[in-house]
Amino acid sequence: MIRVLIVDDEALVRSGLRLILEAAGDIVVVGEARDGAEAISAAARLRPEVVLMDVRMPGMDGLAAAERLLSVPDAVKLIMLTTFDLDEYVHEALRLGAVGFLLKDTPPRELAAAVRTVAGGQAMLSPTVTKRLISAFVDRAPSRAEAARRQLATLTGREEDVIRALARGLSNAEVGRELHLTEATVKAHVSRVLAKLGLTNRVQAAILVHDADLS
């Protein structure tokens, strides 16, 4: 069973998310929290695998809580909940190490699938939604873009091909088909690229590519 903590200031939202997730059969909601401070305490006490957390809440908001939750060794896997008018906050959460985000109107089947995806160690990078939002809210200031380009310049040509494909939301299998590589080879390239760039997941890699304006 995948252990999930739900964090949202609205009781109705928490109840709805709990019903959807527990109906999946392989997910158990181990607790709920109303704000970021409660989330930090509950995560330490309940040790969930995945935290599903709203961005804007009274008291400590989701962004401040994300910074705390993701700053420790063996951090939980964090998915942010958002609506389109809050996407700039989600972009910052992804920079901090969140593995993805969900819109609050995500269909039940996709919600459960997303939790399974991140619990399995994969970041959520939807080519149709996440990429568009990252593109819209990345601050491509000249200094940041130049810093990102210098960082990416440490990669080999093949590694750059791989990270560009990741930025488009492709899975390992899809990258392999496009670059004529085995899935195992792609997985090795991804691990090497993340380690070389000092990144923790594929979403951060995609943001770096967008910062450099190379996508």
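These legends describe several close-up views of one predicted model.

Residues are numbered from 1 along each chain as its sequence is written.

**View 1. The whole protein chain.** The protein chain holds eleven helices and five strands. Helices (H or I, at least four residues) and strands (E, at least two) are DSSP runs, numbered from the N terminus. Of its 215 residues, 47% are buried. Buried means under 20% relative accessible area, exposed over 50%, and partly exposed in between (1.4 Å probe, protein chains only). Among contacts with a separation of 6 or more, 69% join residues 24 or more positions apart. A contact means heavy atoms within 4.5 Å. The accessible surface is about 10200 Å², and carbon and sulfur atoms supply 52% of that. These areas come from the Shrake-Rupley method with a 1.4 Å probe; for residues, only the protein chains shown count as cover.

**View 2. Asp54 in strand S3.** Strand S3 spans residues 50-54 and includes Asp54. Asp54 counts as buried because its relative accessibility is 4%. Leaving aside neighbours within four places in sequence, Asp54 touches Val7, Asp8, Asp9, Gly62, Met80, Leu81 and Lys104. An unreviewed UniProt entry lists Asp54 under "modified residue: 4-aspartylphosphate". UniProt positions follow the numbering used here, feature names are shortened, and annotations may be inferred rather than shown by experiment.

**View 3. Helix H8 against helix H11.** The axes of H8 (residues 157-167) and H11 (residues 202-211) come within 8 Å and cross at roughly 100°. Therefore H8 is roughly perpendicular to H11. Axes are lines fitted to C-alpha atoms, for helices over the stretch in contact, with angles from 0 to 180 degrees between N-to-C directions. Angles under 35 degrees count as roughly parallel, over 145 as roughly antiparallel, 65 to 115 as roughly perpendicular and the rest as oblique. From H8, Ile163, Leu166 and Ala167 meet Arg202, Ala205, Ala206, Val209 and His210 of H11.

**View 4. Arg47, a loop residue with positive phi.** Arg47 sits in the loop between helix H2 (36-46) and S3. Its phi is near 50°, a positive value in a residue other than glycine. Arg47 counts as exposed because its relative accessibility is 64%.

View 5. The loop between helix H3 (62-69) and strand S4 (77-82) holds Asp74. Phi of Asp74 is near 55°, positive in a residue other than glycine. With a relative accessible area of 80%, Asp74 is exposed.

Key
Predicted model: local features only at pLDDT ≥ 70, side-chain atom pairs only at ≥ 80, totals over all residues. Heavy atoms only, no water.
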